[in-house]
Amino acid sequence: MSAIKVKNLKKYYKVRRKDPGIKGSVKSLFSKSFENVKAVDGISFNIAKGELIGFIGPNGAGKTTTLKCLSGLLYSTSGSVETLGFDPWQKKTEFRRQISLVMGQKNQLWWDLPAMDSFLLNQAIYDIEDNKFKKILEELSSLLEIENVLTTPIRKLSLGQRMKCEFVGSLLHSPSLLLLDEPTIGLDVVSQKNIRDFIKDYNKKYNSTVILTSHNMEDVKKLCKRIIIIDKGRIVYDGLLDDISKKFSQNKNITVVFSKKENLEKISKIAKAKEIDSLKFVFSVGRSQVSSVVSKILNDFSVADLSIEEPPIEDVIRDLFVGKNYA
Amino acid sequence: MHKYFLVGKINLQRHFVYRLNFVLWRVRNLVLMVSLFVFWKAIFKGQDELLGYREAQILTYTLGIALIRSIVLASKSADLAGNIKSGAIASWFLKPVGIFKLWFSMDMADKILNIFFTIFELLLVVFIFKPELVFQTNLFYLASFGVLLCLAAALFFLLSLFFSASGFWLTDVWAPNFLFMVVLLQIAGGGFFPLDILPPLFLKIIKFTPFPYMLYYPMKVYLGQISKPEVITSLLISCFWVFGIYFLVKIIWKKGLENYDAPGS
Amino acid sequence: MKEIKRLVKVWLLMSRMAMQTQITSFLAALFFILGKVVRFVMFYFLIFTVLKQTNNLAGYNTTQVIFFFLIFNLSDIVAQFLFRGVYVFRPLVLKGDFDLHLLQPKPSFFQPIFGRTDILDFVVLVPLAFYSVFYAASNGIAGSFASWILFFALFINGILISFSFHLFVCSIGILTLAVDFIMEIYRDFFNLARFPTDIYSNFTRIILTFVFPVVLMVTVPAKALMGLLSWYWLALSFLITVIFVFGSFKFWKYSLTKYSSASN
């Protein structure tokens with residue numbers, strides 16, 4: 001059963017251009033010059049209920065715009081979007097009761113009041129029964145360790161605490177679709193892990209569909225099996241995370257720890273070292289040449305440790321975005 | 001010095017960025033001017049004199065006040081309180097600029113633009129309605145008018161700073177701004193209608209506050225409707241308020257900064 | 001019906017929360033009320049003094065003119081009480097927090113319009129309402145019992161026009177972020193109704209009836225109570241309200257399609 005069906009979604013914007021300085025300002029009063037921005041340029045994908053997938057892409061790729069179209073915030077220029085069986089743009093009450101879009105820097109909690117007051121307001125808005133509300137509030141606040149700050153005015157909390165409260169506020173109505181836009185941005189390492197674990201548990205426990213965008217590869221690696229890579233408004237890859245390296249990287253990493261200092265020139269004749277840290281060398285070697293390089297190293301040098309790995313996802317993706325090597 | 005000029009220039013540009021905003025700002029000023037003008041014309045239909053004013057005098061008052069408002073009043077300094085409340089002001093302290101001078105240059109940019117367009121709008125109204133107006137020729141009154149105007153502008157700026165400081169203590173900064181800068185200054189200060197129309201007791205009381213010295217008295221001096229000794233008195237009282245508020249501003253800002261806990265992270 | 005109950009409950013809760021943020025400063029509340037009172041008193045005195053001399057303004061006597069003034073204030077304050085959200089809508093859009101409201105199961109215009117109820121408006125509204133009714137009753141202004149019914153109907157009609165105007169301003173706010181000045185222009189036109197609008201030229205009155213229907217919001221209900229309203233004006237008022245309300249909703253829906261939502 002599909003939770004999300006997107007077909008050829010396009011979202012274009014008109015942005016006004018302005019030259020700098022006062023002359024430019026006056027000029028812009030009289031003449032209009034627009035630039036057409038193609039935020040999303042024809043993407044299609046389906047997501048089944050209960051999936052936890054990651055959207056990744058460079059800044060300005062169209063990830064957030066896609067999420068906003070999925071939730072009904074933005075009116076799509078063309079194409080079709082079906083979320084939980086609804087047309088999100090219609091903004092039906094039943095639809096909005098089941099979704100949540102959490103965006104890192106945006107706030108819905110009232111600045112001068114404690115989080116609890118805002119939570120009660122959300123309870124009224126979403127028409128959540130008292131028992132259910134209490135239960136879920138306890139669960140969420142203990143998971144994110146904010147039980148003690150619920151009665152402190154939001155403006156007195158630190159950024160991390162505030163974001164956790166916002167998070168809780170967005171989930172009180174137990175949405176079956178969770179859209180998370182950079183949920184761990186600006187948080188300390190411990191909080192990041194808390195939120196990550198929470199998302200994983202939530203997804204498993206409630207079988208809710210989760211779409212996550214993040215620049216933090218830790219989030220993606222730990223949570224998502226399936227990844228959609230977006231760049232310049234187009235889907236570049238839609239598949240398993242593990243297959244990314246295989247698909248995009250021609251190389252593998254060989255990490256060698258030598259037993260003693262070896263002749264650098266001799267080493268470089270066999271393979272180019274990507275990283276050197278005293279006795280530890282990391283080589284990036286073409287897939288077909290891995291076995292020959294490994295045997296040569298083992299033959300010619302004394303090696304304390306050797307391992308062969310796929311290059312880290314971060315590197316693959318980074319190279320992908322930089323080199324635009326979408327084979 | 002150059003950096004303040006730059007700030008003023010950038011502030012000017014901000015107006016053009018939101019160009020519809022800018023056009024509406026001018027339309028708004030025009031509507032305000034015209035609505036008061038039309039009101040008095042309607043009241044004076046068939047009357048030669050009302051409450052001590054001839055039609056020409058009261059129309060001059062209405063249009064003149066519009067010009068005086070553009071010279072004396074400014075809006076940027078009003079934003080200051082909001083900046084204090086949100087903590088945005090903290091970032092300014094980190095930069096090597098004098099914060100009062102900064103707001104002054106932003107106000108200046110605002111005023112120059114405002115005055116330029118207000119004159120244009122005034123001429124438009126005069127052209128359409130062709131009212132009879134009063135033109136002051138007496139040197140004494142003109143000179144006093146000029147001086148009073150400068151004092152008025154300074155007084156307004158200082159009062160803005162004074163009430164902006166409420167941002168240090170109050171969470172809702174809109175209220176003191178509303179009471180003092182909108183109601184007392186503009187309404188009770190002669191910005192809508194001349195104060196001597198009302199029962200004399202009112203003027204007797206408000207004369208002791210700084211409010212009528214920004215709009216009402218400059219206009220009355222221009223119209224030549226108050227006696228020469230009274231002109232001197234109003235000049236002196238204006239000076240008194242300018243210096244008085246200046247010192248109060250220094251004190252209150254010092255206190256405010258000491259207690260400030262710059263909200264936001 | 002259940003929907004409306006839920007929304008009213010939410011609105012009351014929001015108002016209570018707003019009150020909590022405001023009552024943190026008693027001084028601010030005092031200033032606010034004082035400001036409103038001073039403004040009211042000053043204009044009241046203006047009318048009084050001007051009319052003491054002229055005795056008549058466009059054919060209305062002092063009592064009637066004062067009543068127009070009272071209805072003007074009433075309409076003004078009711079609109080401010082209900083629709084204050086418009087004034088804080090622009091920062092909401094600029095910052096992008098409006099997104100979060102659009103995602104919640106409530107009408108898209110709920111937060112922009114009703115999102116900032118101020119208890120102080122209510123505090124000022126109640127005595128004014130009582131005084132207005134008392135003034136009308138004690139001065140025998142009302143034409144008949146039917147006049148009162150007509151008055152209330154037209155007053156509410158005026159509030160609906162005000163609503164559609166505020167909604168229109170919110171739409172403009174989404175498209176161009178120019179909310180503040182339009183509201184101020186609207187208030188400036190509205191202020192013209194402080195006095196019976198008959199004093200203005202024909203051209204001005206046409207503007208005030210069909211463009212900024214201030215006449216329909218203030219003068220018409222007041223005249224209805226005085227029994228001075230013709231059927232023509234009655235029909236016109238309701239017709240214009242329907243057009244305005246319908247038009248403003250259509251425009252609001254349109255502006256949402258152009259909503260681009262501030263990026264993170």
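Predicted model: local features only at pLDDT ≥ 70, side-chain atom pairs only at ≥ 80, totals over all residues.
Local features need pLDDT of at least 70 and side-chain atom pairs count only at pLDDT 80 or more, while totals for chains, interfaces and linings use all residues. Residues are numbered from 1 along each chain as its sequence is written, and chains are lettered from A in the order in which they are written.

A partner for β11(A) is strand β12 (residues 280–286) of chain A, joined in the antiparallel sense over four bridges (strands pair if DSSP finds at least two bridges between them). Within this pairing, Glu275(A) has Val282(A) of β12(A) as its bridge partner. Two residues lie between the strands of the hairpin, where Ser278(A) takes a positive phi near 50 degrees.

Turning to the contacts between chains, 33 residues from chain B and 33 residues from chain C take part in one of them (contact: C-beta atoms, placed from the backbone, within 7 Å). On the chain B side, α2 (19–43) and α8 (174–187) each give two or more residues, and α2(B) provides the largest share, 13 residues.

Chain C also meets chain A, with 26 residues of chain C in contact with 30 residues of chain A. Here α1 (2–22), α5 (98–102) and α12 (231–257) of chain C each give two or more residues, and the largest share, eight residues, comes from α1(C).

Terms used: Contact = placed C-beta atoms within 7 Å.
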